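Please examine the sequence and the fold shown here before reading the explanation.

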Amino acid sequence: MRRFRLFYRIFPSYLLITAVALAGLGVFAYATLKREHLSRLTEQLRITVRLAAEQVEAAGTGAETAALCRRLGGLVDSRLTVIAPDGTVIGDSWHEPAAMDNHADRPEIIAALQGKDGYSLRYSPTARRTMLYVALPAREAGGVAAAVRAAVPLTAIDAALADFAKRIGAVALLIALLGAGTGWFVARRLSRPIEAVTQGAARFAAGDLAYRVPLPQSAEMAALADTLNRMAQRLDERTRAALRAREERDAVFASMAEGILAVDTDGRVAQANRAAAELLGVRPDGLKGKTIQEAVRNPEIQSLVEDVAARGERIERVVTLYGEEERVLQAHGSLLQETNGRPLGTLLVLNDVTRLRQLERARRDFVANVSHELKTPITSIKGFVETLLDGQARDAAETQRFLSIILRQVDRLNLMIGDILSLSTIEHETEQRRVERVEGRLIGVLKDAVEICAERARQKDVTLRIECSRELSARISAHLLEQALVNLIDNAVKFSREGGTVEIGAARGPDGVRVTVRDHGIGIERRHLARLFERFYRVDKGRDRKQGGTGLGLAIVKHVALAHGGRVDVSSTPGAGSLFTMTLPDAS
Ligand code: ADP
């Protein structure tokens, strides 16, 4: 349906009402005036006819009636006619009576001949115009002697009325113009505020909720504008609150370490956070809107989503992703429902358990290694004890030799168990952040460690040299650092040549205090360096066991460095020696 602006609805209606009112008033005034003129003219004619009838009554009807008519007609400025009771015209002021037809059928004549007043307004073929006729009876003793009639043309009335119509038309036009102007003004006054309010509402609908509709002058429109403004303000507040809540939810969602993936009932990803994209190895915007098959190229996750939807229950599965690096994810799938229970899809929560799995594996490997390492000396001890019990030793010297082997193996076991215990204690304390560190001078720790190793160094004629400023201090756990240093110095002495030198130093570097142990011994091949600090890792199994090591010394060094928030590095040249550096940062 075609819609017009409010102005174009109000203004023409206004014009129409004005035009109809004016036309109605004009027609009514014209008709009233005409009626008024007519009744006055009729009254005048009636008086004229009355007087003429009295003349006719006095003179009686006869041959002289025609002359009387002409005379009287000249006096009263109207046509006078006298009609005999049979309808014959016996006198007429304008025409020859003999030439006129019988008038018995004229309504005014019929009335007059019956003794009543007769009136008629009609077109006269004789005079060729509309005439007003008034006829009265001229009586004689006992009856009506004749009907006397006067007639005037209506041209005078018509002329007077035409003039009146002209004037009233001019006034009506003036009023119509004034009315149109007023109508235009009123229509604009009415439509303007409505248009302003409509425009305001359109701006609200377009999302411009900060806009305020100006208040129009009329009370009703002002109330409407005010209501609209308040509605917009309320809507604005609600929208902002909803937006804030969504931003907060998105922020929580985005900063969660767990991967969250919401899949709708059509199997398309409706929501996914950054962690989910990272865990699944896709771009952050590469999940939303895709089907789960397109988004996640892993049949286990796909079937998990399908199973949750089919069974309607919570399912937990461990899923392995084989990409550039293997990833193990723990995936929880549950139904996503509205508060009224209507299903919305499936919610997947993904946890990266790769490191946990690696730790579990490392622990399992460690237990296997420990068992293996312990088994070797125990088997050896068992063998020698059985030989001795069987009395198979040839003499006291051999018995002595066997017993000293057993003692050596027991020492080795003791050493290993000691190292395992130390390692687990340091690890545990580091995890629990219970390693106690105090500000202390390093020179003392270095000296104590050197003193412990001095005897073994002397046996091998190795010189131990300390390079450290007396003032150098750091936040350290002295006994742990001493233990690490003893392990490093012990190794350095072990792998130095007879008469060699081992330098033990501490100095402040750019990233904290650096504690170093350098030897000039056999060195370590490059391929071993990466794994050197692993538990039970040995460069040469046979040789190193013979040297009496447990394979845990450097692992302990690494964990001591970690307990200080630092790290340990090694550089080595086969045949030229090795340099072990523990870095202990100041801040941690
Ligand atoms: P162990 O207690 O058996 O010495 P470590 O963990 O201390 O075990 O050392 C691991 C391996 O690293 C040793 O078996 C040895 O082969 C090698 N290694 C350690 N320190 C040195 C060094 N200063 N020079 C050469 N090789 C070394």
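The paragraphs below treat a sheet and then a pair of helices.

The model is predicted: local features require pLDDT of at least 70 and side-chain atom pairs count only at pLDDT 80 or more, while totals for chains, interfaces and linings use all residues. Residues are numbered from 1 along each chain as its sequence is written, and side-chain values use heavy atoms, with hydrogens and water left out.

Five strands form an open sheet in the order β2-β1-β5-β4-β3, with antiparallel pairing. Strands are DSSP runs of E with at least two residues, helices are runs of H or I with at least four, and both are numbered from the N terminus; two strands pair if DSSP finds at least two bridges between them. At the edges lie β2 (89–92) and β3 (118–124), each pairing on one side only. Strand β3 is joined to β4 (residues 129–140) by seven bridges, the two running antiparallel, and G118 stands opposite A135 in β4. Helix α1 (residues 6–59) packs on this sheet, touching β1 (79–83), β3, β4 and β5 (143–153), where contact means heavy atoms within 4.5 Å.

Elsewhere, helix α10 (residues 396–431) packs with helix α15 (residues 553–563) at an angle of about 20 degrees, their axes 10 Å apart. Axes are lines fitted to C-alpha atoms, for helices over the stretch in contact, and angles run from 0 to 180 degrees between N-to-C directions. Helices α10 and α15 are therefore roughly parallel to each other, a term for angles under 35 degrees. The contact is made by D419, S422, L423, I426, E427 and T430 of α10 and by A555, I556, H559, V560, L562 and A563 of α15.

Conventions:
Angles under 35 degrees count as roughly parallel, over 145 as roughly antiparallel, 65 to 115 as roughly perpendicular and the rest as oblique.
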